[in-house]
Amino acid sequence: MLRIHFTPEDLTRVRVAPGPDFLWEISNSVQTLQRTDGERVFGAWRRWARPRLPESRRLLSPLLPPYGYSPDFLTPTAGDRPTLRAAVDTLLGTPQPRLRGELARLAGSVRLPGWVAGLARGDTETLTRLGDALHAYQARALLPHWRRVRADVEADRALRLRDLMDGGTEALLAGLGPDTRWRPPVLEVTYPVEQCLLLNGRGLVLQPSFFCWPAPTTLADGRLPPVLVHPIRHTADWAGSQAPTAGRAPLGRLLGRTRAELLRAAGRGCSTVEAARVLQVTHPAVSQHMNVLRAAGLITTVREAGRSFHVATAEGRALLALEERAADAPDHGTRP
């Protein structure tokens, strides 16, 4: 059990990360690849990814075993939406004493290959190889699906923020999922080991993660900036329905007042019930139009507690932004 202890100040300093974290998604997905559970969610992706992985993946798997401890330096604290290169540069700048200590702890639970000794010494060549392996893995295993990863993480964030607006921080913490229980002032999380995290006014970052499975995770060192990485809800056939080679639906299918209004509503985040009420159309009609928007890659849909919640993707928001700019543009035409 992981127990996260909040002070009144911490409750005012809880925030939801703005999008997926590159290194957490890499770390979680490397671990998920080595597991056999979660077949319904990750089975198709595993079968797609394994033959495509670069040889350099052998540097990542020993550092990220499917169960138990993995070094914190592999997931350094990130700013808002850093690039992968910036995140990897931060990782490669880890002080040597910390590398040595965390790798020694890992060696206490798994057998490590000989090259890890160079990493523990802070050897420049070994660190460079690790950085290259992270970039190669992202490009081959995650980048073709990154559009879906980003959209679903942003949709989960929208759900969390709605809980926050409707019921405050305590509702946000209470709604994190079946593996968490909010018992003020402690958040209890299903965890493989006993761990106590005292926030002491530092607040907490909630990081939705596409590949986190099956329960939330956090850093082992409680002195580091506090973060709780938690799974999101997935569409069962996401890897198949969003295969990288699939064609994109023509935008011409989006023409029409109803779909335009639904896309605007999804830009704010809306449920099927809310959209039907605002547009005064039936629930099946909303679902049909949302299917078209989703096929075009302009919205994503998450389902929670029997309801469907629709959120515009980055592409959908870009289209809405173009519409707004066009509406705001001055009319240079000549009056008759």
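1. Which exposed residues does the face of α5 turned away from its buried side carry? They are Pro-97 and Ala-104, where exposed stands for over 50% relative accessible area, buried for under 20% and partly exposed for what lies in between, with a 1.4 Å probe and protein chains only. Helices (H or I, at least four residues) and strands (E, at least two) are DSSP runs numbered from the N terminus.

2. A word on the basis of these remarks. This is a predicted model, in which local features need pLDDT of at least 70 and side-chain atom pairs count only at pLDDT 80 or more, while totals for chains, interfaces and linings use all residues. Residues are numbered from 1 along each chain as its sequence is written, and side-chain values use heavy atoms, with hydrogens and water left out.

3. Helix α5 covers residues 96-107, and its twelve residues should span 16 Å at 1.5 Å a residue, which agrees with the 16 Å between its end C-alpha atoms; the expected span is 1.5 Å times one less than the number of residues. Buried in α5 are Leu-99, Glu-102, Leu-103 and Leu-106. Seen down the axis, these buried residues fall within an arc of 100°, so they line one face of the helix, the arc being that of the directions from the helix axis to the C-beta atoms. An α-helix has 3.6 residues a turn, so residues three or four places apart point the same way. The cover over the buried residues of α5 includes α6 (116-120) and α7 (124-142).

4. Helix α10 (residues 257-268) also has twelve residues, and it reaches 17 Å from its first C-alpha to its last, close to the 16 Å expected at 1.5 Å a residue. Its buried residues are Thr-258, Arg-259, Leu-262, Leu-263, Ala-265 and Ala-266. They cover an arc of only 160° around the axis, which puts them on the same side of α10. The face turned away from that buried side carries Arg-257 and Arg-268, both exposed. After α10 comes Gly-269, whose phi is positive, near 90°.

5. Phe-211 deserves a separate look. This residue is found in the loop between β6 (204-209) and β7 (217-218), and, with a relative accessible area of 1%, Phe-211 is buried. Leaving aside neighbours within four places in sequence, Phe-211 is in contact (heavy atoms within 4.5 Å) with Glu-25, Asn-28, Ser-29, Thr-32, Phe-42, Trp-45, Leu-142, Val-149 and Trp-238.

6. A search of the whole structure finds six aromatic pairs; rings of Phe, Tyr and Trp (its six-membered ring) pair if their centres lie within 6.5 Å, and planes under 30 degrees apart count as stacked, over 60 as edge-to-face and the rest as tilted. Among them, the rings of Trp-45 and Phe-211 have centres 4.6 Å apart and planes at 50°, so this pair is tilted. Trp-45 lies in helix α3 (residues 39-49) and Phe-211 in the loop between β6 and β7, so the pair ties together parts that are 166 residues apart in sequence. Trp-45 counts as buried, at 0% relative accessibility. Ring pairs link Phe-42, Trp-45, Phe-210, Phe-211 and Trp-213 into a cluster.

7. The structure holds 16 salt bridges, each being a side-chain nitrogen of Lys or Arg within 4 Å of a carboxyl oxygen of Asp or Glu. One of them joins Arg-160 to Asp-156, with the closest N and O atoms 3.0 Å apart. These two residues are four residues apart in helix α8 (residues 146-174), and are thus separated by about one helical turn. Arg-160 counts as buried at 0% relative accessibility, as does Asp-156 at 3%.

8. Glu-188 forms salt bridges with Arg-181, where the closest N and O atoms are 3.6 Å apart, and with Arg-183, where they are 3.4 Å apart. Glu-188 is buried at 12% relative accessibility, whereas Arg-181 is partly exposed at 27% and Arg-183 is partly exposed at 49%. Elsewhere, salt bridges that share partners join Arg-147, Arg-150 and Glu-315 into one network.

9. Three strands form an open sheet in the order β9-β11-β10, with antiparallel pairing; two strands pair if DSSP finds at least two bridges between them. The edge strands are β9 (270-271) and β10 (299-304), each of which pairs on one side only. Strand β11 (residues 307-312) pairs with β10 in the antiparallel sense over six bridges, and Glu-304 stands opposite Arg-307 in β11.
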